Amino acid sequence: MELLRQQIAAGVATGAIYALLALALVMIYQAIGHINFAQGEMATFSTFVAWQLMQWELPYWAAFAGAVVISFGGGILINRLVFKPVRSAPVLTQIVMFVGVLAVLNSAAGFIWDFSSKSFPPPFGVGPLLGTRILSTHQATILGATFLLLVSLYVFFRYTRVGLAMQSATENPASAKLVGIRVERMIALGWGMAAAIGALAGMLIAPVVFLEPNMMLGMLLYGFAAAVLGGLSSPGGAVLGGFIVGIIENLVGTYVPAVGGELKLTIALVIIIGVLAFRPTGLFGAAHTERV
């Protein structure tokens, strides 16, 4: 029973990372109608930026904030330089552009910082939380940071004019333009926020898996599984999907001996295939119908 509690708690902590990635994916998907396959590489590059700032002897929190701000600007820049010119292009062209951004960021990170693993410090250590073995200090940090971010985003989208404008721009761009909302600016803001959320996820997971250019490849797959499970049209569902995927991954990896190490990635694939086969809209996604 003690092992079960530990694995569930660890799954919730890991699921918080998947929830952040799923939320970033859903924000981009709602804005442009496509999955950003470079989301993981953007998060990795941002984490390297934070690591470099710390190597330049900036305090942890200054480097943390600097990386988030740089990521926000980078997301807006990618939207402006990469996606906006091909927004009216065929879907395949847009997908190729995303894959191209993935390859460029991965290669750039390896070229600048090389492909060796680097340790990334946790903000509050990794010891047991309050003497208990169920959660570590860093796992509690992950959960606390995720909770604060989700509450902040809820308040932003529910009670601020900019947040409401962003929702209107993604749900009905044509109507949003008619009431004076600058849709292009709202889409750019969504890109920036998604990049910043990805940076947060990268800096929280780096102390656990070590920092290297391919750090987020597996994580992005789990984040995508979470987004599909919760529903690509439901940010809240994507977050809940992240926690569900994290718990399932830990329990299956612990109690199914044949699944372990890299084979745990098959869990994400099974979830994606299962949801797409039996409930394509996800647990909380809304069905989309068109009259022809």
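# Close-up views of a predicted helical model

In this predicted protein model, mean confidence is lowest in helix α7 (residues 173–178), at 84, and highest in helix α2 (residues 39–55), at 94. Confidence here is pLDDT, the predictor's own score for each residue, from 0 to 100. The protein has a mean pLDDT of 86, and 93% of its residues reach 70 or more. Helices are DSSP runs (H or I, at least four residues), numbered from the N terminus. Residues are numbered from 1 along each chain as its sequence is written, and side-chain values use heavy atoms, with hydrogens and water left out. Because the model is predicted, local features need pLDDT of at least 70 and side-chain atom pairs count only at pLDDT 80 or more, while totals for chains, interfaces and linings use all residues.

**View 1. Helix α1 and the glycine that follows it.** Helix α1 covers residues 2–32 and has 31 residues. From its first C-alpha to its last, α1 reaches 45 Å, close to the 45 Å expected at 1.5 Å a residue. The expected span is 1.5 Å times one less than the number of residues in the helix. Of the 31 residues of α1, 22 are buried, so the helix is mostly covered. Buried means under 20% relative accessible area, exposed means over 50%, and partly exposed lies in between (1.4 Å probe, protein chains only). Just after α1 comes Gly33, with a positive phi of about 80°.

**View 2. Val26 and its surroundings.** Val26 lies in helix α1. Val26 is buried, because its relative accessible area is 0%. Which residues does Val26 touch, not counting those up to four places away in sequence? They are Ala227, Gly231, Leu232, Ser234, Pro235 and Ala238. Contact means heavy atoms within 4.5 Å. Val26 and Leu276 are 250 residues apart in sequence, and their C-alpha atoms are 16 Å apart in space.

**View 3. Gly231 in a loop.** Gly231, one of the residues that Val26 touches, sits in the loop between α9 (217–230) and α10. Its relative accessibility is 0%, so Gly231 counts as buried. Gly231 and Gly241 are ten residues apart in sequence, and 8.2 Å separates them in space, C-alpha to C-alpha.

**View 4. Asn250 in helix α10.** Helix α10 spans residues 235–255 and holds Asn250. With a relative accessible area of 10%, Asn250 is buried. Leaving aside neighbours within four places in sequence, Asn250 is in contact with Gln7, Ala10, Gly11, Thr14 and Lys264.

**View 5. Helix α2 and Glu57.** The 17 residues of α2 should span 24 Å at 1.5 Å a residue, and the end C-alpha atoms are 25 Å apart, which agrees. Because 15 of these 17 residues are buried, α2 is largely enclosed by the rest of the structure. Just after α2 comes Glu57, in the loop between α2 and α3. Phi of Glu57 is near 70°, a positive value in a residue other than glycine. Is Glu57 buried or exposed? At 72% relative accessibility, Glu57 counts as exposed.

**View 6. The salt bridge between Glu184 and Arg87.** A salt bridge is a side-chain nitrogen of Lys or Arg within 4 Å of a carboxyl oxygen of Asp or Glu. By this rule the count comes to two. In one of them, the side chains of Glu184 and Arg87 meet at 2.6 Å, N to O. Glu184 lies in helix α8 (residues 183–209) and Arg87 in the loop between α3 (60–83) and α4, so the pair ties together parts that are 97 residues apart in sequence. Glu184 is partly exposed at 36% relative accessibility, and Arg87 is partly exposed at 23%.

**View 7. The salt bridge between Asp114 and Lys118.** The side chains of Asp114 and Lys118 meet in a salt bridge of 3.0 Å, N to O. Asp114 is in the loop between α4 and α5 (137–159). Phi of Asp114 is near 65°, a positive value in a residue other than glycine. Asp114 is partly exposed, with a relative accessible area of 38%, whereas Lys118 is buried, at 11%.

**View 8. A nonpolar patch on the surface.** Phe37, Val91, Leu92, Ile95, Val96 and Val99 form this patch, with about 510 Å² of accessible area together. Patches are made of residues with over 30% relative accessible area and no salt bridge; like charges are joined within 9 Å, and nonpolar side chains (Val, Leu, Ile, Met, Phe, Trp, Tyr) within 5 Å. Accessible areas come from the Shrake-Rupley method with a 1.4 Å probe, and for residues only the protein chains shown count as cover. Val99 lies in helix α4 (residues 91–113) and is partly exposed, at 42% relative accessibility.

Technical notes
Helices (H or I, at least four residues) and strands (E, at least two) are DSSP runs, numbered from the N terminus.
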